[in-house]
Amino acid sequence: WRRRDAAAVWHPFTQHSLWLDDEPTVVDRAEGPWLYDVDGNRYLDGVSSLWVTTFGHREPRIDAAIRDQLDRLDHATFLGATHPVGIELAERLLAVAPRGDRELSKVFYAGDGSSAVEVALKMAYQYSTQTNGPRPQFIRLSQAYHGDTLGAVSVGGVELFHDTYRPLLLKTLELGSPGVRRPGQSAAERAAESIEELKRLLAEHGDQVCALIVEPLVQGAAGMLTHHPDFLRAARELTDAHGVLLICDEVATGVGRTGRMWASQHADVVPDLLVTAKGITGGYLPLSAVLTTQAVYDAFLGAPARARTFFHGHTYTGSPLAAAAALANLRLMAETNLVDRAARLGDRLGARLAPLAEHPGVVEIRRLGTMTGVEVRPRGERTGVRVCRFARNRGVWIRPLGDTVILMPPLGLEDTQVDMLVDALAGALDEVYR
Ligand code: PMP
């Protein structure tokens, strides 16, 4: 398999630079939190595949829902047609959406996180053209990650991803991340600085800005940079005051990962556009969605005739099989109180990890709910990779982001499995820093 893989497959980020070993692990099957490779090894999946599984792999009731759907309808276009499972999923998503000073009342489906971010960006810009604009600018956070399509890269804050493609990117205004603190600075103090900077940006450029896009409370791909909820609360007020839409990208943080259904709920904020993907189908199939307010939707209906539509609609939008997986996942999450279990799992993870804060190799442990980053002190080359490789030798599958080791287990992980995860990390750290 490895020889054939090397001959035929072009992997993300071009081949082996990101493997933990010189050659990729060939995954054969998976069940619950366990991955099995073709060489007969078993690993505890400590990162929910790529932050997607909720119950783990092959939860029997989600499997059954997909099979049932397959017996009825595999695919139908959502352009000029609809189907029950797509409607039911939209209703369910709106029922579990964050609530507060506004209501999310429409669901637009897309394929994955990046394409849903594109939808939100296009919607926000077009909304401005039909209301208070056109306003061609977006405000984005430094360190942000919103996906790898051109629009999503444009509103990201990782220079490496901008460098090569810069002439193709949208123009944006950067706001210093509220998650990047100076030594000794509190999260609240840093949030206050970012709020002041946002005020200045909006005072100067507000009438050119259609939206502010943020990963609420946790910037995941930046290495689980957490920030104070004050920032999001103030961002909500300031964007409203300037007629700017607030986009919360909950691709990573949503669907229970932070111990609430949505990270925005930690700040009691309802965005104008909420982007969800990853965990929504329980990790089974690609499906994402943008939830919007009626006010956004109505701007498209009330627009001059030519613009009275949103010019977007891809082939697999609202895929019935993916929608069936998502519906089963969300129902099962409600029936089993999975979000509360995720909160408790996060607490246990935090408690078990706490002693590691004193480890000579650990710079900082950052966590909200189950989303956890353990930043390690560089020692030699690719320290994060080496820590994860040693953990893998101990039967635990985790991945680094630079020098931050990410733990993001399936939400239903059992206590003994949490212990195995943390023990493997601790053992791996001892090996690297011995
Ligand atoms: N937004 C955020 C916050 C993400 O973490 C990611 C993926 N890690 C994306 C968007 C892109 O999602 P996808 O990889 O499904 O395109």
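These legends describe close-up views of a predicted model. Local features need pLDDT of at least 70, side-chain atom pairs count only at pLDDT 80 or more, and totals for chains, interfaces and linings use all residues. Residue numbers start from 1 along each chain as its sequence is written.

**View A. The shell around the ligand.** The shell has 14 residues, and Asp112, Gly113, Ser114, Gly147 and Val251 come nearest. A residue is near a molecule or strand if its C-beta atom, placed from the backbone, lies within 6 Å of it. Helix 5 (residues 113-130) gives the largest share, 3 residues. Helices (H or I, at least four residues) and strands (E, at least two) are DSSP runs, numbered from the N terminus.

View B. Strand 13 (residues 362-368) and strand 14 (residues 371-376) are antiparallel, with 6 bridges. Two strands pair if DSSP finds at least two bridges between them. Arginine 367 has threonine 372 in strand 14 as its bridge partner. The hairpin leaves 2 residues between the strands, and glycine 369 in the turn has a positive phi of about 60°.

**View D. Strands 16 and 17.** Strand 16 runs antiparallel to strand 17 (residues 404-407), joined by 3 bridges. Leucine 401 has threonine 404 in strand 17 as its bridge partner.
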